[in-house]
Amino acid sequence: MVQQVISMIVLPVIALVIAVFFLGLSRKITARIHRRHGPPLYQPLIDVVKLLTQKENISHGTIFDLGIVLSVAGGLATILFIPAGGLHPLSSSGDFLVVLYLMLLSPLGLALAAGASENPNASIGVSRKFILALGYEVPFLLAALAVMVHFRTTSLVEIVSLQRESLLNWSVFTLPLPALATFLVLPAMLSIRPFDFAGAPQEVASGPLVELGGKYLAFAAIQGALHTYIVLAIFVDLYLGGGANILTFFLKMLAVFFIGVCINGVMPRFRVKQALIYLWKWPAIIAFAGLVIVMWTSR
Amino acid sequence: MSGQTAFTLILPIAFGSAAVVYLSGKISAALRNFLAVFFAAVPLVLLTALYGYTGKIVYYDLSFLNQSLILRIDAFAWYFASAVALIDFLAIVFSLRYMEDKKQLDFYYFAMLLVNAGMLGIVLSGDLLSFFMFWEIMSWITYLLISYKGGKAVAAALKYMIMSIMGSCAMLLALGSLYSTCGTFDISGVAEGMSSATPGYRLFILLLMIFSFGIKNAIVPVHVWLPDAHSEAVSPFSAVLSGVLVRMGIYGFLLVMFVLVRWNAVLELRILGLLDFHLVFCWIGAITIVVPTFIALLQDDAKRLLAWHGIGQGGYMVLGIGLGTSMGIAGGVFHTLNHATYIALLFMVVGAVEYRTNGVRDLNELGGLAKKMPITFIGGLTGILGLIGVPLTNGFVSKWLIYKSLVMNERPLLAFAALIGTWGTILSVFKFLHHIFLGQLPQKYNNVKEAPFSMRFSIITLSLVIFLFGIFPGLPLTVISAMLDSFGIIPLNPTLFGVPSTLGELNTITILAAVLAMMVIGYAVFAWARKARRTDQFDSYGAGAYVPVNRYQYSVRFYERAYEVIGPYIRDRIDEFYIWFVEKAEGFFDTARKIYTGNVNSSTAYIVFLLAVLVILKMWGRF
Amino acid sequence: MDRADIAKTLKSPANWGQKYSLWAVYFCTGCGVIEIPPVITSRWDAERFGVLPMATPRQGNLFLITGYVSLKTMGAIIRTYDQMPDPKYVVGFGSCPVNGGMYWDSYNTIKHLDKYLPVDGWIAGCMPRPEAIFVAVVHLWQMIDKGMATGYQKYKENYEYYERNQREILPHLPKFAGEKTEAVGQTL
Amino acid sequence: MMREQEIKKAIEKSTDGATVTVLKKGRILVTVPAAAAVSTLICLKAVGFEHLSAISCTDWLEQGELELVYHLWSYQDKVHLMLKTRLARENPQTVTAIPVFPHTQTYEREIHEMYGVHFEGNPRLTPFLLEHWEGPPPMRRDFQMRDYVKEKFGVEERIS
């Protein structure tokens with residue numbers, strides 16, 4: 001019980017640290033790919049401190065305020081339900097299906113704030129974001145269902161513990177096709193290039209973030225970082241066997257993230273339609289094939 | 001008041017009140033409104049008193065058939081009856097202001113109360129004959145209520161009526177057949193008779209009944225009446241129609257599959273000896289989820305969008321029931337109640353917006369109304385959260401139960417259909433919320449006021465119900481568990497905050513605590529940072545230019561980029577097929593009509609010709 | 001960051017944030033903006049100074065006036081500046097914002113930017129090299145440290161003066177949100 | 001030079017008072033009275049000059065005239081034709097070419113704003129590039145630019 005309470009407090013903090021670290025790391029790696037020196041690793045921290053201590057904040061009303069708070073709160077609440085290494089404070093009260101739905105809270109909060117900001121750029125960004133979500137959810141859900149059916153459980157903790165035995169029990173080896181499909185849609189889930197059209201600064205003035213400044217932008221940045229953490233943690237839990245402790249868990253996340261950032265560093269940006277067609281073609285076909293194989297073998 | 005008295009009183013009061021309200025309207029409008037609300041509340045109060053009561057009364061003897069008409073109440077009937085009474089009461093409260101400047105109000109309230117009485121009669125009837133009677137009362141009054149506005153509504157109502165009559169014919173056929181087989185109309189008697197029937201006969205009855213109830217429940221190939229009917233009806237009635245009236249079909253499914261033909265028998269049925277009947281039923285549900293949900297994406301009319309979602313959400317119930325595990329049925333039945341609450345809420349929200357903006361429900365013309373109608377906005381937000389199934393709303397629990405049972409029964413493709421339906425729902429309901437309440441407020445709505453009290457009352461009540469059942473799902477699930485027990489299926493035994501841990505991991509109170517705690521932490525940081533300055537809607541980023549009034553809104557073709565890809569596949573081809581069929585049929589009958597010239601000579605010639613043919617055939621046979 | 005900085009940082013994290021995280025509004029006023037792409041991309045890499053281009057004024061706190069400012073652009077600049085949250089810094093880039101530069105006698109280009117907006121620093125030259133931007137950024141850091149980069153406060157204190165000057169050249173400029181927007185909409 | 005000569009003949013035949021000079025291969029200069037400008041444009045479009053690339057204006061202060069130059073391009077013959085016409089500086093007025101080339105609306109709008117030429121029949125001679133301009137047309141040579149600038153942007157005391 002005490003351990004659970006401790007992990008309940010510790011996990012969000014760890015997640016925040018990891019998330020902000022990833023944000024800085026991605027900027028550094030991208031800079032190095034561009035043959036730049038790049039900002040210091042703690043640059044996102046400076047940015048967030050700056051934004052939070054800004055001397056003036058501009059609000060567009062109550063929905064705007066609450067939406068942005070909800071987006072961060074939703075992200076933090078979701079983290080408690082995802083096992084990270086040995087820490088899984090609330091996993092017994094919510095399984096993977098609950099996590100899937102809790103993940104809706106933070107985009108919904110951001111979408112509400114964007115809608116309340118009375119700016120069409122924000123609405124365009126939200127519309128693109130939702131279309132992208134519709135795109136990647138098809139392969140992602142197919143792959144996730146394959147995992148759930150394979151392990152005959154919807155609990156993330158059980159999925160992790162069933163992979164714990166040996167390296168070969170990892171789903172990435174037992175279920176290569178769903179793992180591959182999920183990996184292919186990972187950039188879309190993280191909204192990094194080539195799928196960053198929702199918040200494209202050049203086209204739609206950074207989309208949902210267009211009217212956010214000061215603490216609002218800080219919250220949005222934290223929400224984005226937490227979202228990165230959540231997606232990577234789910235990927236690691238589903239396919240890479242979770243982690244024996246928080247360190248191995250972190251290293252696995254780091255490995256996945258590194259590849260993602262490298263893709264981000266060298267890719268151009270898709271158009272919305274291209275992204276949708278891509279996501280519904282190869283990743284969906286691969287995930288579907290994986291699901292069919294799982295259904296066949298589990299009979 | 002004893003349970004017996006309360007139970008005896010419900011239906012007479014429900015039917016009598018309709019007449020009383022109609023007559024009182026001749027005296028005074030205020031009296032009529034008061035009586036309508038009062039009499040709509042009476043069944044609700046009586047049903048509250050009847051919680052946990054089981055009983056049976058004979059109210060009429062059909063001595064010539066040696067049958068009697070029976071009313072019965074148990075968990076199954078009580079559950080649906082309370083949903084009906086709740087939604088109808090709130091809809092009538094909502095109507096007070098919504099309908100105030102409309103004509104023929106005496107008739108309107110009469111019809112609303114009569115529909116209520118009809119639905120109560122359906123769920124409380126203990127034999128199939130009274131079931132059919134009440135069913136027809138409900139169907140016909142619905143026809144009158146849909147066509148209430150006149151104009152296009154009459155066409156929509158006619159479409160409804162034609163399909164409804166087809167369903168009624170099928171049901172009548174099934175009833176006649178059942179009576180001749182079992183020799184009784186009593187539900188328990190029929191159930192006994194069915195237990196010894198052949199599988200083929202069971203399938204026959206099931207298919208007829210499912211066709212009949214499926215038309216009412218608008219499952220996909222027979223859903224085409226619903227979008228027109230919902231969008232043309234007045235908003236309070238749309239709420240009743242989509243919330244509970246259509247779900248009488250779900251009641252019918254449950255009745256026929258779990259009471260008349262027991263579930264064990266249903267599981268054994270095969271269509272053409274190949275397909276599992278209940279799986280076919282599930283797949284119909286899955287198609288009903290996916291196709292209408294994606295058609296809803298294209299709609300620009302607020303009520304039409306909701307109507308398509310009404311069809312889509314019906315698919316979840318069908319899916320849950322068709323799966324037949326205790327969690328699946330519990331999810332499907334719970335979803336029926338949840339759907340009634342949030343779809344009624346959303347129709348009321350549209351109604352309130354319509355009322356304040358003089359009947360605008362084109363999504364592209366609205367915008368920014370959250371500033372003017374905050375309570376209505378909260379209602380709309382709660383409604384869409386429920387419809388999506390965000391945790392802490394009731395929609396989440398029922399959907400979770402359905403998903404969980406689908407995954408655990410290794411039906412991932414069905415689960416995928418259900419899950420992707422949810423994501424389609426998110427897209428279109430966010431469009432609904434965004435276009436009405438968010439974005440720039442057009443100047444013509446500067447003087448819009450918050451909805452009047454009676455509307456807010458209904459909206460707030462339903463919002464509270466959504467969160468209440470979302471946080472304490474155990475309340476309705478206990479009743480559903482009792483219902484499952486009476487069906488002969490392992491009961492769910494829910495806890496107050498979810499399901500027992502042996503069945504799965506769901507604890508709504510923990511989720512609530514987590515989200516609330518994080519909200520508090522987030523808000524603390526938010527409040528610690530410098531307080532924000534409130535700015536005007538025109539002080540928005542416009543690339544250095546001045547924001548244009550009335551035009552700075554992105555709403556038309558909101559998901560254009562997605563339509564480009566999926567548009568060609570999500571047309572309503574079934575409706576097109578029916579229209580094509582009707583056109584061809586008209587042509588055929590037109591040709592056929594030419595045979596009947598009305599001339600005596602030609603008639604005589606036909607008869608002679610026919611006789612000649614008969615004679616020839618007879619002779620042929622001899623050789 | 002050297003050791004002296006750490007103490008300063010702990011004393012005022014806000015100052016630390018303001019200093020090392022200058023987000024420039026990506027607003028191209030004139031020809032000078034041609035120097036910005038090399039500055040923010042691989043060749044000169046402004047990101048190592050914490051300088052990032054930002055799409056909207058709400059997100060930025062550094063406003064580079066890159067090159068000559070025509071009257072039409074001036075309206076957009078004033079509006080953008082008003083939309084930026086405090087603290088915000090304006091840096092005039094090139095000769096033209098300083099005194100009109102080669103447009104010293106043009107009928108449609110403003111001559112002295114600091115009559116209309118408080119300017120925290122200038123970068124002279126036609127064109128200044130990208131390195132000059134970094135010099136300016138480092139100067140701005142020092143000014144922020146010493147509490148001298150207070151243009152936004154000056155703007156508030158002397159708002160009447162700035163508004164008078166703005167009105168002089170742009171008499172029809174709607175200053176406030178929603179004000180006269182329709183009239184402008186007609187002429188645009 | 002064959003084609004140019006043919007064009008020259010065609011123009012001279014159809015338009016009275018037009019002087020046509022073939023400057024070099026692919027370059028023709030036509031000078032017409034202001035009243036005949038639009039009819040010449042119709043004729044030129046028929047000959048194959050389908051593209052009007054710009055209208056420019058020159059202020060001949062000494063002669064008291066404004067010169068409009070319509071630059072036309074023929075894709076089939078690869079010939080650039082300059083149609084020149086002169087207007088009086090005082091109250092300059094001419095007929096719009098919108099019926100022939102609809103896109104001239106923008107060019108005419110600009111010339112109207114910068115030189116004060118009134119194009120009869122152009123429905124949209126509203127302010128275009130200048131921001132609420134109230135002085136004389138700025139591109140005319142008698143516009144005292146430095147005086148104007150001194151008056152409008154004059155150096156005053158500044159807050160430092």
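This is a predicted model: local features need pLDDT of at least 70, side-chain atom pairs count only at pLDDT 80 or more; totals for chains, interfaces and linings use all residues.
**Chain D**

- The C-alpha trace of chain D spans about 70 × 30 × 30 Å along its principal axes.
- Of the 160 residues in chain D, 23% are buried.
- Take the contacts in chain D with a separation of 6 or more: 50% of them are between residues 24 or more positions apart.

**Chain B as a whole**

- Chain B contains 24 helices and five strands.
- Its C-alpha trace spans about 105 × 60 × 60 Å along the principal axes.
- How does the radius of gyration of chain B fit with a compact globule of 623 residues? Such a globule would have a value near 25 Å, and chain B has 26 Å, which agrees.
- Buried residues account for 55% of the 623 residues in chain B.
- Among the contacts in chain B between residues at least 6 apart in sequence, 78% link residues at least 24 apart.
- The domain assignment divides chain B into domain 1 (1–268), domain 2 (298–528 + 548–571) and domain 3 (577–622).
- Between the C-alpha centres of domain 1 and domain 3 of chain B, the distance is 42 Å.

**A helix to look at in chain B**

- Helix α19 of chain B covers residues 453–471, which is 19 residues.
- From first C-alpha to last, α19(B) reaches 26 Å, close to the 27 Å expected at 1.5 Å a residue.
- Which residues of α19(B) are buried? They are M455(B), R456(B), S458(B), I459(B), L462(B), S463(B), V465(B), I466(B), F469(B), G470(B) and I471(B).
- As you look through that list, keep in mind that an α-helix has 3.6 residues a turn, so residues three or four places apart point the same way.
- The cover over the buried residues of α19(B) includes α3 (75–98), α15 (326–356), α16 (374–388), α17, α20 (474–487) and α21 of chain B.

**Where chains A and B touch**

- This contact involves 66 residues of chain A and 59 residues of chain B.
- On the chain B side, α17 (394–408), α18 (412–437), α21 (508–528), β5 (532–534) and α22 (560–566) each supply at least two residues.
- Which element gives the most to that side of chain B? It is α18(B), with eleven residues.
- By class, the residues on the side of chain B that touches chain A are 35 nonpolar, 15 polar and nine charged.
- Strands also meet across the two chains: β1 of chain A (residues 57–59) runs parallel to β5(B), and three bridges join them.
- Within this pairing, I58(A) stands opposite R533(B) in β5(B).

**Where chains C and D touch**

- Here 19 residues of chain C are in contact with 14 residues of chain D.
- The elements giving two or more residues to the chain C side are α4 (71–83) and α8 (159–169) of chain C.
- Of the elements on that side, α4(C) gives the most, with three residues.
- The side of chain C that touches chain D has seven nonpolar, six polar and six charged residues.

Notes: Residues are numbered from 1 along each chain as its sequence is written. Chains are lettered from A and ligands numbered from 1 in the order in which they are written. Two residues are in contact if their C-beta atoms, placed from the backbone, lie within 7 Å. Helices (H or I, at least four residues) and strands (E, at least two) are DSSP runs, numbered from the N terminus. Ala, Val, Leu, Ile, Met, Phe, Trp, Tyr, Cys and Pro count as nonpolar, Asp, Glu, Lys and Arg as charged, and the others, Gly among them, as polar. Two strands pair if DSSP finds at least two bridges between them. The expected span of a helix is 1.5 Å times one less than its number of residues. A residue is buried if 20 or more other C-beta atoms lie within 10 Å of its own, exposed if 12 or fewer, and partly exposed in between; C-beta atoms are placed from the backbone. Domain bounds come from an automatic or database domain assignment. The radius of gyration is taken over C-alpha atoms; the globule rule is 2.2 Å times the number of residues to the power 0.38.
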